[in-house]
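Please bring the structure up on your screens.

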Amino acid sequence: MANLEWVCVPRCYEVRKNRLTGQATLEHPLKQHTVTVVDSNPLSRALEGTDPLSQFARQDDELNDPLSQMVTEFDLKPKRRERDRTEPEDNTLQWSSRRLGILNRFTTNEKLSLSTSFLVSAGSLDGGNESIKAQTVVADKTKFRLEQLDHFDDGSMRHMMDLTQQEYIQRFEQLKQELIQSWHNDQRVKALKIAIQCAKMLADTTVLQFYPSQPLEILPHRRHIRAGKGSCPGYVQNWFYKIASIRELLPRLYLELSIFKCYEFLSSSREEYERILQRLTHQLRGIADPLVSSYARCYLVRMGVTLTPSKTYIRENFADLFLVYPQIFRFVARFNLHPEIVTASSYLQLYAPAFDYMLLCLVHKSELHTQDILNECKQLKNNGAILMSVLSSFKSEFIATNALEFIALINASETPGISKSQLLRSLGSCVSSCAPLQEQRVTFLKAAFETINKLTDPNEYINCVETWAVFVSQYFTINEVNRLLGELNTRMCLGKAYEKHYSQLQNILTRIMQNYRSIELLLIQPNFLPYLDLFQKESVRVEVCKNILSFYKQNSEEYTCDAVVTNALMYLGKILNDSVNALSVDDERRQIAQLINVFIHKVHFGNDLEQQLSFYVEARGTFSNLDAVYVTLVHAACKLATRNRSKSTGFVKACIAYCFITIPSIEAVQQQMNLYLLCGQLALQHLCLGQADACFEAALQLVNELPAATVDFDGKPRSLEPFLVSYMCNILATLIVVPDSPEQGVLYFLRLLLEVVGRHKFKADSSAPSIIYLHSLDMLYVQSLERFPYHIKGVVSNDDLYGHDPKFLQEVNNMCAQVVDAILLQLKSLGLAQQQRSQAELALQLFLRIVKYADLERETIAQLAVNLWLLANKAQSQLDVKTLPQTLRSVEILYKQIKDASPTRAQAIAKLLLRMRSS
Amino acid sequence: MLLGCVQFQCAQETKHEGIILYLEGIVNLQLSAKTVGLFDAFYNSVKPINLLQNSLELSAPGKLSAGRSEFHFELPLVCKKEPRILYETYHGVFINVNYQLTCTVKRNFLGKALTKIQQFCVQYKPVPLSEDSKKVVPFSLSPDSLQKNASAKERLSMPRFLITGRLDRSEFCVTTPITGSITVQHTEAAIKSIEMQLVRVETCGCDEGYSKDATEIQTIQIADGNVLPKLELPIHMVLPRLFTCPTLLTKNFKIEFELNLIVVFKEDYTVSENFKIVLKRSAGPLPSKVTTAGR
């Protein structure tokens, strides 16, 4: 069927567009409907007066913190008792949450020794008991028990040496199990003995580092005793008697404390509790080792808060503690002489959890004693350790109001083992969360930094500054921040101190950025970029730059035109760009590129388009490693071109030239093609025909470089053919309005496109080339029309250019014939490949186009149409049921449409229909 | 008056030859071989003193019906002869004051009699402590105050120390803890531990052959380690219920109590001070062991 004679017929019907009718709406159509059920629980209503849910909602509207609201709601509870119950709850919660932290902090590699009689095998234990029995003459059971209590430590004691911490804890777990078991087996005496032993172990301070962990391990175990106790008062009284006869002080106190709650059964008055607590407090004075007694006091407080909200006994504990306090430093002095056992500072650290917890309980919901404690603190010699705990436990509001006092205290404090830097660090974090009064701030800061700057050890220095950074950046001017940065620069450069403190330096920067209002102001500080130079290690540096840029992304103003800011950001971006290499992961690239893109979008010079473009040029030079940035730059340049308001096309040309130069540097062919097309369209829009041509040509030339498939995000290969098809359709639609260039022949680009498509290697049996051909046919048909359906303003398209010249039409018809030939070839190969269904569909598509576009009066064309129809009918069984009738119907509609305008053509169609029916 | 009830649980009807309750209160005295000599101990062993002897027939010979049968009884608790008073229940080493109720079911000559013994406690009615006993008992320990039998040389070689303190009173009630305080004023040698020991002093017999023994009841640690000087440490000792009773002075025997304050120094030096205390019952019993011991 070579050399098909194709003649395009003019369109003789109106093209109507059926637009969808819009409808104004207030809600997003895709938004899901939610049904709000209003809780109408009568109980809660009775409690609160109003519906609690709606109250929540209302208060939320008032921008209340939901948490604080919860608190107030708790307070509103009519029953006071209930509140009392919640109070200790949050304290104990705190304790259990602390527990893990403390356990992790205070660990040891030293061997622990554990002496106990309960881990020996049952047999020998029984033997031991029997011998005791033989000795005891007194038949009385209780007497026997008491004897046993006294005997057990020299009876069947076994020392277990060289345990690691893990084993140690395991042993305790074992003991605990034993304890519970013996309790349940009614061997209460044994349970008590185990408890006493545990408590005894608390007196063992040989391995100091582990001490704070010990009570935590041991204490929970004895709670079971309490849990097991019945509520019978006589029974409980009996237990108290038993405990009161324990010989050693520490176990006696610990055990009494552990069942302290049982006093509930004996008396209910609060005064009674307080009296007992006070007595215990005084009894604790008998424990000489300050560490042991501190933890015992801590335990006392812990048990106390669950029963009484009174703070007096805690206060007394502190009074005693302050008396014993100098004792601690006698130990400290000893450890200073023997640092091989434990260093003084780490020894003092051991006290911290106990002090912290006690102070916390003291100030929990009560302001009564804060001032007292502070005053006593002042009078204390070596007050560092307690001050430290005060800073970490007291409310920051209190600290803020007394900030000047605190700083004076710290400056005066000369505690061995607790450096000023530690204290300042804590103070820093306190004032960061709640600043002192406005008028005090400057003096306060001055006083603080006087001391901080005196610190000689860079480690101490940086640790201090780390917490102060927030305060400074939040409450002071940029000058102050700049000065801080400058100070850091000089301090950290000394002896390359920065090398060891990257994380702190990083933290400081993050905090400053988080808290300082304007990131732009920060960027232009003279000390800012030098600060970055402190990060000499490549990976850290990159991390820091990323961080800054992401802060910039979040916090900056919408646009910036400050040259210094842009320069600084360029500098950061450059560092990031340089860090990207062949080994970088895709995700890393994407992140960096995204950050830089944000920055590029934010740079905006207003109406100074030239400067903007030159910025883009600079950016292109700087960010040479990042595809995505180039893409952004091209888009940005295109956008810039559209903002051009002047008559001359010079600037637009410059923009497009910029794009044209930039695009080839992008690696992804797909991106390049898209961008070329975009630029081409843009150029066309601005009447830069030469550049448009160049762009289109470049785009088409790239088609053959397009890989068959790309790798998806999931790692699956994805065929690029759908992309190619849609891209070609897009370009075909554009080409309609592109006027032929005088240097090239008629419809040069279409020829080029067809040639490229012909050369491109598609997948076997792919329908892609046929679709492109079909659309080329559409495009050609449009070319044959007297007036194109759309134009670009100012561009003289082919319809005007050739003025419907017959020679041009002949050319078009020839090309149509070629395209149809190509499609027929496709049909044939489909037939050979047994692809009946797609063959039939393609045939129908072509059939429709012939009916619409071609002159059916020509016998060859009509014959072709009939043949195609027959071909499609052969595969009728494989097609959709509706396909053939619909095709037929659309032919009939066409017939009706043109019946009046062109009777001859209608005649031809009618004839064709007849032939179709007859065959 | 002792009130009670005896319960029988029989599977079937049972014959018996009478059910009798015996009430008995005895002071058992024993001379210790240590103080009197073995020989004396054998011969002079003091006769137990009968405080109470009473019996009551709950039922004449007959039958107990199947199921549960109860006999309620009331017995007067009165000492008719010398010393005309019922002492408090007390369990010591050489002296025991014991009260018991024995229920015996006699059976025909083939069957053995069934008996069940139940001890019970006797306590005085509370009497208030005398006014002058509320005076504080101060004390102080120093090398000079130590036993005079240490030679002057020995005393010189001793480390110097001064420990002062007080007992809140000289008479205590058995149901309330012994309280007081102690303060280490200064000490040259480090203290290892301060302990308070409760001691009973039991005296048996009268003029010619008597024995006096002090034995420990309990020791309680007051201070552990070298406590801070000038810090007042509380003394708080709960008295064990079964091993204490109000101080008892009779013709035949005495039960007295003493406190020993023991200070142990680092080099295992021990210094002690002795206090005589009088125990009385001035307050009613706390919910006590009596209620649980019977079960």
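Predicted model: local features only at pLDDT ≥ 70, side-chain atom pairs only at ≥ 80, totals over all residues.

The buried residues of α24 (residues 478-493) of chain A are covered by elements that include α23 (458-475), α25 (502-515), α26 (519-523) and α27 (528-532) of chain A. Covering here rests on contacts, and two residues are in contact if their C-beta atoms, placed from the backbone, lie within 7 Å. A residue is buried if 20 or more other C-beta atoms lie within 10 Å of its own, exposed if 12 or fewer, and partly exposed in between, again with C-beta atoms placed from the backbone. Helices (H or I, at least four residues) and strands (E, at least two) are DSSP runs, numbered from the N terminus.

Residues are numbered from 1 along each chain as its sequence is written, and chains are lettered from A and ligands numbered from 1 in the order in which they are written.

Which residues of α24(A) are buried? They are V481(A), L484(A), L485(A), L488(A) and M492(A). These residues cover an arc of only 95 degrees around the axis, which puts them on the same side of α24(A); the arc is that of the directions from the helix axis to the C-beta atoms. On the face turned away from that buried side, α24(A) carries the exposed residues N479(A) and T490(A). The 16 residues of α24(A) reach 22 Å from first C-alpha to last, close to the 22 Å expected at 1.5 Å a residue, where the expected span is 1.5 Å times one less than the number of residues. Just after this helix, G495(A) takes a positive phi of about 60 degrees.

Turning to α23(A), its 18 residues should span 26 Å at 1.5 Å a residue, and its end C-alpha atoms are 25 Å apart, which agrees. Where does α23(A) bend? The bend is at W468(A) and amounts to about 40 degrees, taken as the angle between axes fitted to the seven residues ending there and the seven starting there. W468(A) is itself buried, as are others in α23(A), including Y461(A), C464(A), E466(A) and F471(A). Among the elements that cover the buried residues of α23(A) are α21 (420-433) and α22 (441-454) of chain A, together with α24 and α25.

For chain A as a whole, there are 44 helices and 4 strands, and 35% of the 919 residues count as buried. Of the contacts in chain A between residues at least 6 apart in sequence, 74% join residues at least 24 apart.

The largest nonpolar core has 244 residues, of which A637(A), C659(A) and A865(A) touch the most other members; helix α16 (residues 344-363) of chain A gives the most to this core, with 12 residues. A nonpolar core is a set of buried Ala, Val, Leu, Ile, Met, Phe, Trp, Tyr and Cys residues joined through C-beta atoms within 7 Å. Leaving out residues up to four places away in sequence, A865(A) touches F847(A), I850(A), V851(A), L856(A) and L912(A).

Now to the strands of chain B, where two strands pair if DSSP finds at least two bridges between them. Strand β14 (residues 191-204) runs antiparallel to β18 (residues 253-265), joined by 13 bridges, with M196(B) opposite L261(B) and L198(B) opposite L259(B). β14(B) also pairs in the antiparallel sense with β15 (residues 211-224), over 12 bridges, and there I194(B) stands opposite A223(B). Of the 14 residues of β14(B), 10 are buried, and the strand is mostly covered.

β18(B) is joined to β19 (residues 270-280) by 8 antiparallel bridges, and these two strands form a hairpin with 4 residues between them, in whose turn D268(B) has a positive phi of about 65 degrees.

Finally, is strand β6 (residues 67-75) of chain B largely covered or in the open? The number of buried residues among its 9 is 0, so β6(B) lies largely in the open. Its antiparallel pairing with β1 (residues 2-10) of chain B runs over 9 bridges, and G4(B) stands opposite F73(B).
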